[in-house]
Amino acid sequence: MKLLFTATWAVLSKDLRSELRTRYALNALLLFAVCTAVAVSMGVGFFGLRRDEEALLIQATLLWLALLFAALNGLSRSFVQEEERRTALALLLAAPSIAVYLGKFLFNLGLLAILDSVTSLLFISFVRVQIGNLALFIAFLATGSLCLTTATTLLAAIIAKASFKSGLFAVLAFPLIFPILIVAIQGTALALAGAPWSEGWPALRLLASYALATFVASLMLFRTVWET
Amino acid sequence: MIQLTLTEVAASYGPRLVLNAISFNLQKGAVLVVQGQNGSGKSTLLRLLAGLQKPTTGTINYLLQDTNFTPREAAPFLGWVAPDLMLYRELTARENLKFFAQVRGLTYSKSEIDALLTKLGLAGRGDDWVAHFSSGMTQRLRYAYALFHQPLILLLDEPTVTLDEKGAALVANVIAEQRQRGITVIATNDPTELRFGDYILELSPAVERAR
């Protein structure tokens, strides 16, 4: 167990250090977030002034679409980089498979947390989104992002070995992500409207269950994917 | 007890047979040199021994410390040097070695890393990014990666490629030291490297073998 913890921390630290030096994933994610927020604000910014149910749902949808496309653009990179730079073999021979998965998972979760914060702030500034229940909004962003990370980290390991990486990632990820995206959008719309926690709980529980199920499935499947 | 046993091992890529019915047994202290033309399956054989791919048929077994291991299970005891082994270019040599020591669960000190780098002719270059290394220095760092955990099995694919004369002498020392610790398997095209081996395995391209 101590080796797993140490190795996981080592993989996470290595990825963070590499990312800070190369900005391989972070730049792509942030650039995408800024471009989307600016484009949305110029196109449908007036929705931020409306507080009816339909407008709130559209705001939530736009926010999650921005997060989704930025995530699809960036979350596969930690695995793809290992294959493209041909460091995967050295890692495969030295590190326990589960530690590789957990390290990359935590790295992706960190990236998505940064993306969530930046995108939300941009939407609040540019699209003039008003948040009725901030705590519930953060809870939906956090659990939704957890779902995105659990669903896409294993897929990233799969597509890293393929030749048509970026297209394949989106194609494989979409059916996995689609159901939770709907729940996250509807939950976020509730939070924007200022709904109480009691209204948000069922959706939050569903997201948390999805995250747990995909995380456990990923832990079980990763070794086969990584070592093949 | 350290022993490597291959029994009727074959490997193919799709319909093309690369290795056919390879069998041998090596004990501690042995050095096997695998020789052959390009495409004869030398690197494939080393990848099979490292557990990076599975044989189409046949078995590979490591007996290490009285326990049997498949190649994948034996990974903690293996050291692998090959041209397609790349280390992290955006990290320094020292950071690379620290990282691989940590994921292997090794305890290490700065002086141990420095000693290994010095031994491999990389003294004073530990804090340089690998991206700034020459190809010969990168090859020396591959040896550091492969030797830091003192492997019982050392697999060397083209061991002196890109190395200068001093580097080649270094490889001879590494192989001599490995004799005390375990088994070495070398894949090479270079006839001068045959001198390292106690045993020579000559591979010919599968097409010729099929005839």
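Q: Is Lys42(B) buried or exposed, and which side chain of opposite charge is nearest to Lys42(B)?
A: In this predicted model, Lys42(B) is buried but has no salt bridge. The nearest side chain of opposite charge belongs to Glu158(B), 4.8 Å away.

Q: Where in chain B is Lys42(B) found, and which side chain does a polar contact join to that of Lys42(B)?
A: Lys42(B) belongs to helix α1 of chain B, residues 42-50. Its side chain makes a polar contact of 3.2 Å with the side chain of Asn189(B).

Q: Which residues does Lys42(B) touch, not counting those up to four places away in sequence?
A: With those sequence neighbours left out, Lys42(B) touches Val34(B), Gln35(B), Gly36(B) and Gln37(B), and also Glu158(B), Ala187(B), Thr188(B), Asn189(B) and Leu203(B).

Q: How is the size of an interface expressed?
A: Interface size is often given as the accessible area lost when the parts come together. Here, the area buried between chain A and chain B is about 2200 Å², and carbon and sulfur atoms give 63% of that area. In chain A, the residues that lose the most area to chain B are Arg21(A), Leu89(A) and Leu93(A), which together account for 30% of what that side buries.

Q: How many residues does the contact take from each chain?
A: The contact takes 23 residues from chain A and 23 residues from chain B.

Q: How many salt bridges and polar contacts does the rule find across the interface of chain A and chain B?
A: Four salt bridges cross the interface of chain A and chain B. In a salt bridge between Glu227(A) and Arg72(B), the closest N and O atoms are 3.3 Å apart.

Q: Which elements of chain A give two or more residues to the side that touches chain B?
A: These elements are α1 (2-22) and α5 (88-94) of chain A. The largest share, ten residues, comes from α1(A). By residue class, the side of chain A that touches chain B has twelve nonpolar, four polar and seven charged residues.

Q: Where does Gly105(B) lie, and what is its relative accessible area?
A: Gly105(B) is in the loop between α2 (93-103) and α3 (110-119) of chain B. Its relative accessible area is 44%, so Gly105(B) is classed as partly exposed. The C-alpha atoms of Gly105(B) and His149(B) are separated by 9.7 Å, with the two residues 44 residues apart along the chain.

Technical notes: Residues are numbered from 1 along each chain as its sequence is written. Chains are lettered from A and ligands numbered from 1 in the order in which they are written. This is a predicted model: local features need pLDDT of at least 70, side-chain atom pairs count only at pLDDT 80 or more; totals for chains, interfaces and linings use all residues. Side-chain values use heavy atoms; hydrogens and water are left out. Helices (H or I, at least four residues) and strands (E, at least two) are DSSP runs, numbered from the N terminus. Buried means under 20% relative accessible area, exposed over 50%, partly exposed in between (1.4 Å probe, protein chains only). Lys and Arg count as positive and Asp and Glu as negative; His and the chain ends are not counted. A polar contact is a pair of N or O atoms within 3.5 Å; within protein, one must be able to donate a hydrogen and the other to accept it, and residues adjacent in sequence count only if both atoms are side-chain atoms. Contact means heavy atoms within 4.5 Å. Buried area is the accessible area (1.4 Å probe) that two parts lose on being put together, summed over both. Ala, Val, Leu, Ile, Met, Phe, Trp, Tyr, Cys and Pro count as nonpolar, Asp, Glu, Lys and Arg as charged, and the others, Gly among them, as polar.
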